[in-house]
Amino acid sequence: MKKRTRGILAGIALATLTAGCVLVSGQFLVQVELGDLSVNSAAAVQGLYVDLPSKSAYRDHKNDIKTLEDVALLGSVHNTGTSSVTVSVYLIDGNSGPLPLATIISPSGGKQVWGPLTVAAGATEVLDWDRSSKLFGSGKSVLLDEIKQGGQFTLYLVSSTTPFEFEIKDAVFVAVIGAAK
Amino acid sequence: MKKILVFTSLGLALSAQAAGAVGIGLEAFGGVSYPVVQDDREQGGMWGIRAPVNLVPLIALEPYYARANYGDKTIDTIAGSQTLEGGYVSSWGLNVILTSGTPVFRIFPYLGVGSSTDDHPPTGDVTKTVYNLGLGVGFGLPVVKLGVNVRAEGQMIVNGDTSRKFGNLTAGLSYTFLSLP
């Protein structure tokens, strides 16, 4: 019986030790303010440039990032057009600047990471944490790859129907990253 | 000198009695759980139940269930104040306790392993292995079979390459309903 008990204790101790690097780990919040933006399909579409390395919380852990625990794009979307829009967010690596809509949504262009969000003509939809986080869905895996590979990317908010025009106010990108040595 | 010998002998006798005792107990406990290096939740209350079983000298096996409800995390952004729900963690498992001391006072380190569900909206729930490592002190009233136990515990939920860690401080009221010498 004593041997069995010792075995149980040894097993638990071994399991704890083999957990290894997970002992030195944590969940860190990174917040990037993106500001305001006007989007109009009649012209090249401007994006929101997310520069995670500009934040110390990201720089301190960028080589140890393992998971994206949660993420949200906060702010509000005001539809200044005359018809309803269905907004999605596409991600393109780096600071890619204004791009034609066709380039953003082409298979070789951006990757859809968020949406859809319907905004009626003249209406404003507020993006709080819970609402926005759910709209990332499977886009989280794309974002995790980007966050691991440098964390500099551009988010384009576009509608599946054209023409569209809307304004984004007080946009903020917030990610909770899981890091372990 | 005689007094010292008498008290030492009494202490050793009680210690031997406690070490050799066979017993089954039940303990209800409550306390506080502190997330460790987790930017997305605040401390919260916890409660649970434990059932220590002494079958061999010096060692007790203790099945347990515990639940902790964490406080919401508020972050300030240019889009306004945002609330990240703290969620809850429920766990069940088995601790192995090394008992030493007397029925009146004892100190007991322990190790444990179990299954833990971390429900953290809006991400959803994740069920993973949990490890416990703690130290407790117990004060007993053997005549009425009641005791009070205070514990400090580290808890780690392993999720892939990373983990979530908690520091728990609890106090419990125990009742020994079967005790054989």
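Over the face of which residue does R106(B) lie? R106(B) lies over the face of F108(B), at 4.4 Å from the ring centre. A charge counts as over a ring if NZ of Lys or CZ of Arg is within 6 Å of the ring centre and within 35 degrees of the ring normal. R50(B) is likewise placed over the face of F29(B), 3.6 Å from the ring centre.

The model is predicted: local features need pLDDT of at least 70, side-chain atom pairs count only at pLDDT 80 or more, and totals for chains, interfaces and linings use all residues. Residues are numbered from 1 along each chain as its sequence is written, chains are lettered from A and ligands numbered from 1 in the order in which they are written, and side-chain values use heavy atoms, with hydrogens and water left out.

Six aromatic pairs were found over all chains in a search of the whole structure. In one of them, Y70(B) and F166(B), the ring centres are 5.1 Å apart and the planes meet at 25°, so the pair is stacked (ring centres within 6.5 Å, planes under 30 degrees apart). Y70(B) belongs to strand β4 (residues 59–71) and F166(B) to strand β12 (residues 162–180), both of chain B, so the pair ties together parts 96 residues apart in sequence. Strands are DSSP runs (E, at least two residues), numbered from the N terminus. Y70(B) is buried, at a relative accessible area of 6%. F166(B) is also buried, at 2%. Buried means under 20% relative accessible area, with a 1.4 Å probe and protein chains only.

Two cavities of 30 Å³ or more were found in the whole structure. A cavity is a set of points on a 1 Å grid over the protein atoms alone where a 1.4 Å probe fits but cannot get out; lining residues have an atom within 4 Å of a point. A volume is the space filled by probe spheres set on the points.

The largest cavity has a volume of about 60 Å³. Its lining includes F29(B), R50(B), N95(B) and E153(B). Strands β2 (42–50), β4 and β11 (146–159) of chain B each give two or more residues to this lining. By class, four lining residues are nonpolar, three polar and two charged. Here Ala, Val, Leu, Ile, Met, Phe, Trp, Tyr, Cys and Pro count as nonpolar, Asp, Glu, Lys and Arg as charged, and the others, Gly among them, as polar.

The second largest cavity holds about 30 Å³. Y70(B) is among its lining residues, as are M46(B), V89(B) and Q155(B). β4(B) gives the most to this lining, with four residues. The lining divides into five nonpolar, two polar and one charged.

Definitions and conventions. Phe/Tyr/Trp six-rings, centres within 6.5 Å; stacked < 30°, edge-to-face > 60°. Buried < 20%, exposed > 50% of the residue type's maximum accessible area, 1.4 Å probe, protein only. 1 Å grid on protein atoms, 1.4 Å probe; cavity = no way out; pocket = protein on both sides within 12 Å on 5 of 7 lines; lining within 4 Å.
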